[in-house]
Amino acid sequence: MRITSVLSSSLLMLGLAVAPAAADSSPTPTDSASADADAPTRAGTSFRTATEIEQGRTATASGSTGDYLYWSFPADSGQRPTVKATVKLPQTHATQTWQIDVYDGLRRRQSCQYGSQTRTAAAGVADVELACTLRTVRAWSEAWANDPLPGTYYLRLTAVGVGTADLGLPVSTEVRVDSKDIGGAAAVDGSLAEPLVPGIAVKSQADEDGSKDSSPVLSAIEPEDGWASGWWSDRWVWTVIGGALAALAGVGGYALTRGSGRPSRVPPGA
């Protein structure tokens, strides 16, 4: 009975520990119409003029074939961003090849795990769709590694190898960034002092000096819950489960090996 009581209490504690993690990992439904109401309707022409967009919203922009279109978005540790772009082509055009490239806060080009990063549209095709799923963003990495790190990411959309007859033709674009929360599977021992956001060093120095610095901060967008908001992950839950199972194994082993106690026929002083 005693062992049964201990097992019941431990299972109850595990259930309470797992419940918050399950609640945090469940997706929150959003109204896409209201989410895109104030989404940007233009794109930048360089890294410095990249238009900031939030994850989960569809941004639009008009441009010309041959232009470089830039957007930027935040990505925090534990997220696996997926970038999607749709280019609506003019009615008459030759064969065109479109490509999306993603760069991190250090402007290092990040490779795609999977997705159609480059696609070719035959003559007369109305639109072309591209996608790029990045590797999971890590909280910390070695200086020599090219791992994705928390901060601002840049999306560049352009047509490559365009013929002279198609240069300057009007196009309209839609881009959207969504992320999957990987959780404790992507946790590492370490974190950056600051996210890789343009202007963060100037802002941090001004905060330390306690002065009102007038230097511009090049990027003001950040995740909805702030940077490094994913400190809680299912890694903590599995740590608690492992400790509880180890304790139960110890109790069970002791109960099996201690026997039934001193026999009644043996005197206490023996």
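This is a predicted model: local features need pLDDT of at least 70, side-chain atom pairs count only at pLDDT 80 or more; totals for chains, interfaces and linings use all residues.
Residues are numbered from 1 along each chain as its sequence is written, and side-chain values use heavy atoms, with hydrogens and water left out.

Let me begin with the inside. In soluble globular proteins, nonpolar side chains tend to be buried together. By a nonpolar core I mean a set of buried Ala, Val, Leu, Ile, Met, Phe, Trp, Tyr and Cys residues joined through side-chain atoms within 4.5 Å, where buried means under 20% relative accessible area, exposed means over 50%, and partly exposed lies in between, using a 1.4 Å probe and protein chains only. The largest such core here has 30 residues, and those with the most contacts inside it are Trp71, Phe73, Val87, Trp98, Val102 and Leu157. Among the elements that give two or more residues to this core are β4 (79–88), β5 (96–103), β10 (151–160) and β11 (170–181); strands are DSSP runs of E with at least two residues, helices are runs of H or I with at least four, and both are numbered from the N terminus. A second, separate core of 5 residues includes Phe47, Ala50, Tyr70 and Tyr154.

Which residues does valine 87 contact, leaving aside its neighbours within four places in sequence? With contact meaning heavy atoms within 4.5 Å, the partners of valine 87 include Trp98, Leu130, Leu157 and Val171.

Now to the charged side chains. A salt bridge is a side-chain nitrogen of Lys or Arg within 4 Å of a carboxyl oxygen of Asp or Glu, and a search of the whole structure finds 9 of them. In one, aspartate 38 pairs with arginine 57, the closest N and O atoms being 2.6 Å apart. Aspartate 38 lies in the loop between α2 (32–35) and β1 (51–52), and arginine 57 in the loop between β1 and β2, so the pair ties together parts that are 19 residues apart in sequence. Aspartate 38 is exposed at 56% relative accessibility, whereas arginine 57 is partly exposed at 23%.

Another salt bridge joins lysine 88 and glutamate 174, at 3.8 Å from N to O. Because lysine 88 lies in strand β4 and glutamate 174 in strand β11, this pair ties together parts that are 86 residues apart in sequence. A further bridge, at 3.0 Å from N to O, is made by aspartate 101 and arginine 109; aspartate 101 is buried, with a relative accessible area of 2%, while arginine 109 is partly exposed at 40%. Salt bridges that share partners also join Asp38, Glu54 and Arg57 into one network.

Next comes the disulfide, a pair of cysteine sulfur atoms within 2.5 Å. The count comes to 1, formed by cysteine 112 and cysteine 132 with their sulfur atoms 1.9 Å apart. Cysteine 112 is in strand β7 (residues 112–114) and cysteine 132 in strand β9, 20 residues apart. The link is left-handed, with -100° about the S-S bond, and cysteine 132 is buried at 1% relative accessibility.

Finally, is aspartate 147 buried or exposed? Aspartate 147, in the loop between β9 and β10, counts as buried at 18% relative accessibility. Apart from residues up to four places away in sequence, aspartate 147 touches Arg108, Gln110, Arg135, Arg138 and Ser141.
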